[in-house]
Amino acid sequence: MKGLNSSEIFETPRFVKVTAFSFISLAIYYFCNHHFSNSPLLQVTLSPTTSNPQNNISVSAGAPNSSSIISNQTLDSSILVPTPPPPPAKELERTGIVDQNGAMSTDFKIGDFDENSVEEFGNFTVEEQKRHESGANRVKVKRFGVCDQSMREHIPCLDNVEEISKLNSTERGEKYERHCPGEGKGLNCVVPVPQGYKIRIPWPKSRDEVWFNNVPHTRLVEDKGGQNWISRKNDRFIFPGGGTQFIHGANQYLDQISQMVPEIEFGHYTRVALDIGCGVASFGAFLLQRNVTTLSIAPKDVHENQIQFALERGVPAMVAVFATRRLLYPSQAFDLIHCSRCRINWTRDDGILLLEVNRMLRAGGYFAWAAQPVYKHEENLQEQWKEMEDLTGRICWDLVKKEGYIAIWRKPLNNSCYRSRDAGAQPPMCNPDDNPDSVWYVGLSACITPLPENGYGANVSAWPVRLHNPPDRLQSIEMDAYVSRKELFKTESKYWYEIIDSYVRAYHWKELQLRNVMDMRAGFGGFAAALHDLQIDCWVMNVVPVSGFNTLPVIYDRGLIGVMHDWCEPFDTYPRTYDLLHAAGLFSAEHKRCNISTIMLEMDRLLRPGGRVYIRDSVSVIYELQEIASAMGWVPALHDTSEGPHASWKILACEKRL
């Protein structure tokens with residue numbers, strides 16, 4: 001082959017191609033370097049899950065070439081900032097009553113209120129609340145008028161003159177029983193306060209004195225002043241603590257009972273008592289300091305304001321009468337039943353009234369009777385005593401002690417005495433189909449209520465253990481649950497304790513000096529138990545609605561008091577007698593049966609000026625309740641539950657201002 005000289009080399013096609021390729025490559029290099037000099041040539045990924053982070057560097061697929069890879073040893077520390085490890089998984093708090101296995105559990109926690117988010121009632125107005133709420137949920141309610149002054153002491157079912165006038169007979173006390181207004185005839189106005197009404201004197205001072213203008217009636221002073229019941233001093237009524245049979249004072253009288261029968265053990269064995277024909281309730285007032293809760297009852301008769309005085313004092317009481325129907329308390333409710341000059345003929349109609357006492361008296365409980373037949377020797381009075389001895393013997397009561405003007409009997413602990421009676425003995429045993437705890441508009445029967453063969457009701461724990469011990473009668477409640485009843489009982493107690501603890505702190509309940517409290521849908525009594533445990537110095541009327549499960553036996557076995565009631569009808573008490581009304585789930589449960597406005601107007605009648613209402617209920621009814629509250633003149637404030645603003649329930653807190 002012929003060799004090429006140097007000039008020929010530059011003219012060959014190969015040289016031209018190589019030269020052109022070189023220029024093009026150089027142009028591309030400068031173009032890319034100019035446009036991408038500020039772009040990262042390397043993407044580094046750190047994986048915190050690897051076991052050796054020192055060698056944990058990978059190069060993205062977009063790296064230009066292998067020469068651009070930088071080892072982790074020479075990588076700038078400003079680029080290699082280690083990603084912090086994830087925080088440890090937070091342990092979830094239990095907020096329900098079912099554990100991970102589906103079993104009932106009491107290991108849960110209720111959310112708390114943010115105390116700073118709760119508005120003070122004193123700085124709150126209805127207009128401010130209206131500005132808070134969206135108009136989409138509001139139901140407009142016309143403002144209610146004020147009733148005539150003649151209705152200031154009105155009890156709708158006991159003052160129904162129209163219905164009482166239609167009675168065929170009143171000789172057994174029928175006119176003192178419930179005769180409620182028909183549909184459309186109930187209250188449609190707010191009951192007025194007496195002229196000069198003042199915010200009540202706080203407990204315990206109220207035990208001994210109340211404002212005259214709050215209960216401006218002098219009949220009892222005129223009739224009973226000489227028996228040390230009550231007197232008037234300037235603008236107050238004074239209660240010296242006496243009674244018809246204990247003019248020297250209730251304390252001395254209670255000491256006498258304790259000396260006669262030491263086994264009564266006030267505040268330990270005896271926790272819940274019933275005082276029949278109570279006067280101004282000094283017996284119950286002084287038992288409170290011995291750790292006994294006494295429900296004082298009397299009819300609205302010639303001494304019609306005695307229950308009103310009792311409630312103004314801050315003593316548990318309600319209007320009730322022994323007539324033709326069962327009283328609204330369960331079987332085996334009371335550890336002690338007391339009657340001091342209560343003006344009841346216990347032996348009439350085959351002893352039907354004493355048999356009602358027997359139904360309500362706990363197995364092994366005591367009946368104390370202080371009356372003239374016990375100690376006077378007139379022939380007619382001695383005849384009454386013999387009749388009483390005969391009747392109590394036939395119903396197997398044991399006369400434990402008769403001393404001075406007091407006689408005390410004890411009810412048997414079981415049915416052995418009843419079974420040993422002669423065939424055809426009177427009074428007979430009640431029909432096995434008779435439910436002794438069914439009390440709503442149930443007529444009296446002249447028969448002996450047998451005791452449960454399993455001992456339920458007789459073997460309650462002593463106070464205060466019984467407050468939190470699930471009682472045996474929990475198993476006899478007609479309700480859906482069976483195996484889990486004890487867990488439900490404990491769960492309800494814990495649930496309400498945590499909620500009420502939040503209420504006490506957020507709403508400053510201890511500063512309100514609450515005394516007379518009503519739980520309008522009481523369940524097992526967990527709300528009342530929580531108030532006791534949190535040392536709120538009050539008593540609670542636990543109301544069990546007729547539309548739900550009858551839990552009253554459990555409430556009494558816990559050492560609390562309560563009553564059966566239908567909230568479609570008015571309650572048997574005077575106006576202005578409660579400081580706090582609590583209703584949880586009441587309106588969503590009853591709105592299909594009852595008129596909501598009717599219930600709210602009844603609540604206004606029961607509530608004292610200065611009193612509070614706490615309604616915990618579904619958003620489906622809460623906005624309407626808020627409007628009704630405003631229409632009655634209350635100051636309502638709507639709050640979220642601890643579940644937050646989107647929860648299905650809210651809290652409506654209201655104040656009835658004077």
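Q: What do buried, exposed and partly exposed mean here?
A: Buried stands for under 20% relative accessible area, exposed for over 50%, and partly exposed for anything in between, computed with a 1.4 Å probe on protein chains only. The model is a predicted one, in which local features need pLDDT of at least 70 and side-chain atom pairs count only at pLDDT 80 or more, while totals for chains, interfaces and linings use all residues. Residues are numbered from 1 along each chain as its sequence is written, and side-chain values use heavy atoms, with hydrogens and water left out.

Q: OK, so is Cys417 buried, exposed or partly exposed?
A: Cys417 has a relative accessible area of 29%, so this cysteine is partly exposed.

Q: And which residue does Cys417 form a disulfide with?
A: Its partner is Cys396, and the two sulfur atoms are 2.1 Å apart, where a disulfide is taken as a pair of cysteine sulfur atoms within 2.5 Å. The torsion about their S-S bond is about -80°, which means that this disulfide is left-handed. Cys396 sits in the loop between helix H11 (379-394) and strand E11 (398-403), and Cys417 in helix H12 (residues 416-419), so that distant parts of the chain, 21 residues apart, are linked. Helices (H or I, at least four residues) and strands (E, at least two) are DSSP runs, numbered from the N terminus.

Q: How many disulfides does the count come to?
A: The count is six disulfides. With the bonded cysteines numbered in sequence order, they pair as 1-4, 2-3, 5-6, 7-8, 9-10 and 11-12.

Q: What about Cys157 and Cys180, how far apart are their sulfur atoms?
A: They are 2.0 Å apart, and the two residues form a disulfide that is right-handed, with 105° about the S-S bond. Cys157 lies in the loop between helix H3 (126-132) and helix H4 (161-164), and Cys180 in the loop between H4 and strand E3 (209-211), so the pair ties together parts that are 23 residues apart in sequence. Both of these cysteines are buried.

Q: Which residue does a disulfide join to Cys568?
A: That is Cys594, with an S to S distance of 1.9 Å, and the torsion of about -75° means that the disulfide is left-handed. Cys568 is in the loop between strand E15 (561-565) and E16, while Cys594 is in the loop between helix H16 (586-590) and helix H17 (596-606), 26 residues apart. Cys568, at 30% relative accessibility, counts as partly exposed, whereas Cys594, at 7%, counts as buried.

Q: Switching topic, which residues in the largest nonpolar core touch the most other members?
A: Among the 145 residues of that core, they are Tyr329, Trp346, Phe367, Ile500, Trp509, Phe587 and Met600; a nonpolar core is a set of buried Ala, Val, Leu, Ile, Met, Phe, Trp, Tyr and Cys residues joined through side-chain atoms within 4.5 Å. Helix H18 (residues 619-631) gives the largest share of this core, seven residues.

Q: What is Phe587 in contact with?
A: Setting aside neighbours within four places in sequence, Phe587 is in contact (heavy atoms within 4.5 Å) with Ile596, Ile599, Met600, Met603, Ile615, Asp617, Val621 and Leu625.

Q: And helix H14, how many of its residues are buried?
A: Six of the eight residues of H14 (residues 526-533) are buried, so it is mostly covered. The buried ones are Gly526, Phe527, Ala528, Ala529, Ala530 and Leu531, and they pack against helix H13 (485-506) and strands E13 (516-519), E14 (539-545) and E16 (578-584). Just after H14, Gln535 takes a positive phi of about 60°.
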